[in-house]
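Work through the exercises below with the structure in view. Try each task before reading its solution.

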Amino acid sequence: MQPYVSFCVPTNGIKEWVIPVLDSIYCTNADIEEFEVIITDNGNDKDFYETLLDYCKDKSNCIYKRTDAIQFLNQIEAFKMASGKLIKFVNHRHTLVDGAVQYLIEVSKKYSDLRPELYFMNGAIAGKSGEEVLNTFDEFVYGMQRFSSWSAGTAMWKEEFEKISDNKKYNRLFPHIDLIFNNKEASKYIIDHTVLFKEIMIDDSKKGKYDLFYAFGVEYPAIILELYRQGEISYKTFDKVKESNLVLLAQLYYAYVLRKKECSYYLSSFSENIQCFYSKTEIWKMIIKIAIGKLKFWK
């Protein structure tokens, strides 16, 4: 029987994150034949390797594999191994809430014939709840705002993923965007605002090592700009995502540059990269708005 959902957990091998995430999936009353768990590991931790082998040995629907995929491309390796009708990305720092496994199984059962494009927002946008049904790709991108840069909400139908060429060159910083933006002529687009997972509180110094302000100040808005240049989205949508992303950049600058919060990111390129799509003045104006309470600030 083909599983209804494949939960894909790409990781670089940090046991104190991954085991609680896996436990949150298996701590469910859902039929074990209706879902599977795929773990792809591009780290080199021997203890983690042995722990995962032991964890999966008595679970018939748990698959663990070491890979040599570079950084975020590990996400694609996990999707390639999945056999479920719906493939759901699971961040290795996000535990699923009670009922989330069964909820996603029911979503797969409900939509497996229609196969709309899906994105799981997890309550990130204030005032939104339930399923938001959209008719066009432009509306879909507009509705996601900056959160299309966020891999945690990614989901894709197995049949749609199999249509992508094996020779596809994925974006190395945002490979998930190549998945959620793949089908620009879907019958329906759905942004699901239901809260399905929560983040494990960790020290930011243990996160990935990459150029933060290049990623979100240059690469991500360039992806959105290319959609506009190709006529796939309207200028209104491009401007909405760009403005939403400015909030994120202001939050990151405040947290890691001004407050000097410890992190693993490379930060030295801020002055150079921020000027591609924004300006320092825009960043400071947004920080002031955040400071006086006009926008909710991420703590």
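**Exercise 1. Find the accessible surface of the chain and the share of it that belongs to carbon and sulfur atoms.**

Solution. The accessible surface, from the Shrake-Rupley method with a 1.4 Å probe, comes to about 14500 Å². Carbon and sulfur atoms hold 48% of that surface. This is a predicted model, in which local features need pLDDT of at least 70 and side-chain atom pairs count only at pLDDT 80 or more, while totals for chains, interfaces and linings use all residues. Residues are numbered from 1 along each chain as its sequence is written, and side-chain values use heavy atoms, with hydrogens and water left out.

**Exercise 2. Compare the radius of gyration of the chain with that of a compact globule.**

Solution. The radius is taken over C-alpha atoms, and the globule rule is 2.2 Å times the number of residues to the power 0.38. For 299 residues the rule gives a value near 19 Å; the chain has 19 Å, so the two agree. Along the principal axes, the C-alpha atoms fill a box of roughly 55 × 45 × 40 Å.

**Exercise 3. Count the helices and strands, then state what percentage of the residues is buried.**

Solution. Helices (H or I, at least four residues) and strands (E, at least two) are DSSP runs, numbered from the N terminus. The chain has 11 helices and 10 strands. Buried means under 20% relative accessible area (1.4 Å probe, protein chains only), exposed over 50%, and partly exposed in between. By this cut-off, 54% of the 299 residues are buried.

**Exercise 4. Describe the largest nonpolar core.**

Solution. A nonpolar core is a set of buried Ala, Val, Leu, Ile, Met, Phe, Trp, Tyr and Cys residues joined through side-chain atoms within 4.5 Å. The largest one has 47 residues, and Phe181 and Phe216 have the most contacts inside it. Among the elements giving it two or more residues are helix H5 (137-144), helix H8 (212-229) and helix H9 (235-258). H9 supplies the largest share, 11 residues. Next, take Phe216: contact means heavy atoms within 4.5 Å, and beyond four places in sequence Phe216 touches residues including Phe174, Tyr210, Leu248 and Leu252. A second, separate core of 38 residues includes Val18, Val21, Leu86 and Val90.

**Exercise 5. Locate Ser112 and decide whether Ser112 is buried or exposed.**

Solution. Ser112 lies in the loop between helix H4 (100-111) and strand E6 (117-120). Its relative accessible area is 15%, so Ser112 is buried. Apart from neighbours within four places in sequence, Ser112 is in contact with Lys85 and Trp157.
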